[in-house]
Amino acid sequence: MSVQYGFLAVLTQGPAYGSQLQNEFLLRAANRRQLNAGQVYSTLDRMSDQGLIESAGETEDGLPLYRLTESGAREATTWLTAGPGETRPDWDEMQDQVLIAASIDGADAAAVVADYRAAFAERIRELTHDADSRAVLAANRAAELGARAAIEWLDEVSTALSAHPGALVQPRCPERPRRGRKPAAIPE
């Protein structure tokens with residue numbers, strides 16, 4: 001889901017086309033290495049079906065542009081201002097949401113960080129109270145260590161955001177992403 005919400009967040013900066021959304025997502029979610037084109041366009045189709053985005057015309061060279069609907073704008077605002085509503089937060093989702101929120105002007109990255117920190121703290125509390133056998137204890141211990149690592153990272157992000165407010169905010173990249181396949185290497 002973080003790809004969908006990441007696209008919604010990027011679209012708060014104005015209409016964009018598929019490759020542009022892919023590029024912006026990867027620039028902002030530095031923890032991600034790649035996002036394939038199939039995933040980009042299936043996500044855009046799903047978002048359109050859900051009424052979160054709509055057509056915004058085309059670029060000069062015929063690429064379809066997308067923009068937020070009112071519903072999409074509400075979803076984006078919620079995602080950019082609050083962390084998870086559950087006590088089993090996902091590490092990758094957390095990184096995507098925190099990093100993207102920190103990069104979007106008007107988002108409340110500090111609130112997102114605080115919500116994730118609370119969710120991971122609750123997860124630790126649950127894990128330390130549910131250990132009733134050695135197998136459960138070992139699995140819970142691994143999950144607890146992961147949650148503690150997440151809190152440590154969140155604390156570092158919180159400190160950085162407090163010390164340098166807006167330092168991670170970035171406008172949309174002015175360079176147009178390349179499209180299509182890379183040319184085949186020419187044999188020497």
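Which residues in helix 4 are buried? Let's start there, keeping in mind that this is a predicted model.

Helix 4 runs over residues 70–79, and its buried residues are G72, A76 and W79. They span an arc of only 65° around the axis, so they sit on the same side of the helix. Turn to the other side and you'll find E70, R74 and T78, which are exposed.

So what covers the buried residues of helix 4? The cover includes helix 1 (2–11), strand 2 (64–68), helix 5 (91–103) and helix 6 (109–129).

## The nonpolar core

The largest nonpolar core is made of 40 residues, and F7, L8, L44, I53, V98 and F120 have the most contacts inside it. Helix 4 is one of the elements that each supply at least two residues of this core, while helix 1 gives the largest share, seven residues.

Leaving aside residues up to four places away in sequence, I53 touches L8, L11, L44 and Y66, among others.

## Salt bridges

There are eight salt bridges in the count. One of them joins E24 to R28, with the closest N and O atoms 2.9 Å apart. These two are four residues apart in helix 2, which means about one helical turn separates them. E24 is buried, at 1% relative accessible area, and R28 is buried too, at 3%.

R32 and D96 also pair up, at 2.6 Å from N to O. This pair ties together distant parts of the chain, 64 residues apart: R32 is in the loop between helix 2 and helix 3, and D96 is in helix 5. R32 is partly exposed at 23%, whereas D96 is buried at 0% relative accessibility.

Definitions and conventions
Residues are numbered from 1 along each chain as its sequence is written. This is a predicted model: local features need pLDDT of at least 70, side-chain atom pairs count only at pLDDT 80 or more; totals for chains, interfaces and linings use all residues. Side-chain values use heavy atoms; hydrogens and water are left out. Buried means under 20% relative accessible area, exposed over 50%, partly exposed in between (1.4 Å probe, protein chains only). The arc is that of the directions from the helix axis to the C-beta atoms. Contact means heavy atoms within 4.5 Å. A nonpolar core is a set of buried Ala, Val, Leu, Ile, Met, Phe, Trp, Tyr and Cys residues joined through side-chain atoms within 4.5 Å. A salt bridge is a side-chain nitrogen of Lys or Arg within 4 Å of a carboxyl oxygen of Asp or Glu.
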